[in-house]
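Please look over the model shown here, and then let us talk through how parts of it are packed.

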Amino acid sequence: MTIRVYNTLTKNKEPLEPVTPGKIGIYLCGPTVYKESHIGHMVGPVIFDTIKRFLAYSGYEVTWVVNITDVDDKLIGQMHERGISISEIAEEMTIDYLNNLRSLGVDQIDHMPKATEHIDGIIKFTQTLIDKGVAYPSGGDVLFDVTEDPGYGKLSNRRPEEQQGEGGEAASKKRNPGDFAVWKSAKPGEPAWDSPWGKGRPGWHIECSAMSKAILGETFDIHGGGLDLVFPHHENELAQSECCHGKPMVKYWLHNGLLRKGEAAGKIGGRTDREQGGGKMSRSAGAGGLADVIAAQGGERIRFFLLKTHYRSTVLYGEDGLTEAATALETFYRFFERFQKIAKQRFFNLPAPRRREAGEFDPGNDALLGAVHKLRASFLEKMDDDFNTGGAIADLFDLIRELNKYADHQKLEEVTDLKDAHIKSFVQATRVLRELSNILGLFRATPAQRGGASEGVVPKLMQLLIELRAEARTKKDFATGDKIRNTLTEAGITLEDRKGGATEWRIGGGT
């Protein structure tokens, strides 16, 4: 087993060799909590939640940090606009962010530090940069001198002279146009902390440098974030940290592709997205008010949608993609119903290995287990190769096809002896599906228990309609019974009458 990751710094795939054997530290840049989360905020957390699951499954002890930026120019703007304190805005929007993470099954984060909790460390960090001659005070600000760092630009492949910094008053304080703020002087009415350079607040980049160092150390394993953060944010983080500590900050820089609406040029929630009429996302469509989107679509559908593309690729967000994800998930949900009828137990209660070596098995001469064994190996090879969740999900579909084909061929619905060898093979093979889907954070609960409240209401309403239709048919009121079926068909819901009088429903066409 050798896990390989694509490193933005070297532009190559490299074997994953942790700083400390057996342990991996991950830092993912989190949100600036000034407005409600949009779906673009979920891309990194869903990906790195899955990465942590896979690394833990592979035997590593993983510490995952996601920061909260709770002091920033955007927050100050919202403070003036809404007339409430920055802390109130930050708390409100952090709760929104956490609720959305929970709905998408992101529950592997170990630390969520806030910038305002690390002011002392940020001040000490800044002073060290000044003492080393790579930062300088100027008019109440402290600025990083990009010309004093010979390695500046190595992450983004940009030279210092190519950078353009802020204009106006900020530019007048700089030695070089590309210098950036480590500490900012506060204007009247803005939140501020005492420092050797006067009252002020930290710059954006120094917050992450200080927090990652405080929790993960001066050199850690993986730093993640969207491609839009490579420059200037991650370039500046890297420069500050390596000049401060005199050693590499991060071994592997992992950057996920951005989420875009259709063919729109900008990322969702980004400046282009906000300014372009054709590509602009309304809150209900995903650019904000994500809780409403989750209530309508369900958290698992959104998570599946984000994982079915390789994390370094651009994801096109839209109704077609979500509908495709819903149809794909129905394939699995139908199988879970079938499994319960055959094995007389719920898929979601199946015990499954939580470690790679614990899931190894000898398929012997069993044809089904032999096919499943190969698909398990293929799935893990895909995940070993830079966390290719899209390829891994394709293997899950192949696994479902093998299971359904076996159930059809062996006529397992007709087998009543649960000790039958074919039933045992079927259960063992399905346990592999449970094992692998756990790695992706999928199928951890029944559909009615996931996502928004609507997912629990729909099954109850459907059961009521099924009962009303059955009652009408018992009374030989076939017109009413047919009307219920036909109306549901028009709405895209199929009723299936089974042997023994049971009726089942599903979204989409019948099988």
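This is a predicted model: local features need pLDDT of at least 70, side-chain atom pairs count only at pLDDT 80 or more; totals for chains, interfaces and linings use all residues.

Residues are numbered from 1 along each chain as its sequence is written, and side-chain values use heavy atoms, with hydrogens and water left out.

Me: Is Met 383 buried or exposed?
Reply: Met 383 is placed in helix α12, residues 367-384, where helices are DSSP runs of H or I with at least four residues, and strands are runs of E with at least two, numbered from the N terminus. Buried means under 20% relative accessible area, exposed over 50% and partly exposed in between, with a 1.4 Å probe and protein chains only. Because its relative accessibility is 0%, Met 383 counts as buried.

Me: Which strands stand at the edges of the open sheet of 4 strands?
Reply: The sheet has the order β4-β3-β9-β10 with parallel pairing, and two strands pair if DSSP finds at least two bridges between them. Each edge strand has a single partner, so one side of it is left without a neighbour in the sheet, and these strands are β4 (61-66) and β10 (250-256).

Me: Which residues touch the most other members of the largest nonpolar core?
Reply: A nonpolar core is a set of buried Ala, Val, Leu, Ile, Met, Phe, Trp, Tyr and Cys residues joined through side-chain atoms within 4.5 Å. Of the 94 residues in the largest one, those touching the most other members are Leu 55 and Leu 433.
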